[in-house]
Each structure stands twice: as C-alpha cells, then as structure tokens.
Amino acid sequence: MSQHKSCTHTDSITRVTPSALGCEECLKTGSRWVHLRLCRSCGHVGCCDDSPNRHARAHFNTTGHPVIEGYDPPEGWGWCFVDKVMVDVGEPTPQRGPIPRYGG
C-alpha cells in the first residue's frame, strides 16, 4: 500500500515580492535561462533545473528555503525541494513588470 506524500513545509510559504525581472544571477552575468522559479520564503527569482546554471536549486542549497513557485509566467503551482512534491501555493504571485524571455 503506497502512501500519498505531502509537503511538510507549507508554513514557510509567504506572500513575497519578486527580487528581479528574471533570474537574479543570470541577469548579473549575462547568462540565459529556460524558466523561472520564485522562492516563496524570500522572493528570490532563479532559473529552473533545465537552465544551464540552476540558480533556483542553488538558492535552496544555500538558504534551505524549501518551496518555489513556477514564475515564467506565474503558473500557480509550487514545488517543495525537501519533500519532492507539488505544493498548492495559492494565488500566483504577480510579476513586477515584463520579464525578458530567456534572459534577454
């Protein structure tokens, strides 16, 4: 019998202000991204695991902030890096302005 796994970090989900109009680190280095992810603990915007630099995962590895939101465009789904499950993040976080496609 399999158990349905759920996120044990939903208390870390907060309303946040996105830190940048694209992947924060890629914008600084001129790198490209595939999709964006928004940290729902602090608002850091990083690139997804399909992007060359995987900045959203690097942010999790550095900070331990567990839950991200699909953010390119706001997609309304979340992912918990710790529990490795989808998370309901509620209403999608609005973008602060137009996001350049693929880092430029």
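Here is a short walk through this predicted model, from the whole chain down to single residues.

Residues are numbered from 1 along each chain as its sequence is written. In this predicted model, local features need pLDDT of at least 70 and side-chain atom pairs count only at pLDDT 80 or more, while totals for chains, interfaces and linings use all residues; side-chain values use heavy atoms, leaving out hydrogens and water.

**Whole chain.** Start in cartoon view: you will find two helices and five strands, in the order α-β-β-α-β-β-β. Here helices (H or I, at least four residues) and strands (E, at least two) are DSSP runs, numbered from the N terminus. The C-alpha trace spans about 45 × 25 × 20 Å along its principal axes.

**Isoleucine 68.** Next, select isoleucine 68 in strand E3, residues 67–71. Its relative accessible area is 7%, so it is buried; buried means under 20%, exposed over 50% and partly exposed in between, with a 1.4 Å probe and protein chains only. Now show its contacts (heavy atoms within 4.5 Å): beyond four places in sequence, they include Arg37, Leu38, Trp77, Trp79, Phe81 and Val89.

**Cysteines.** Finally, show the cysteine sulfurs. With a disulfide taken as a pair of cysteine sulfur atoms within 2.5 Å, the count is zero. Cysteine 42 has its nearest cysteine sulfur, from cysteine 39, 3.8 Å away. Cysteine 42 is partly exposed, at 39% relative accessibility. For cysteine 47, the nearest cysteine sulfur is that of cysteine 23, 3.8 Å away, and cysteine 47 is buried at 0%.
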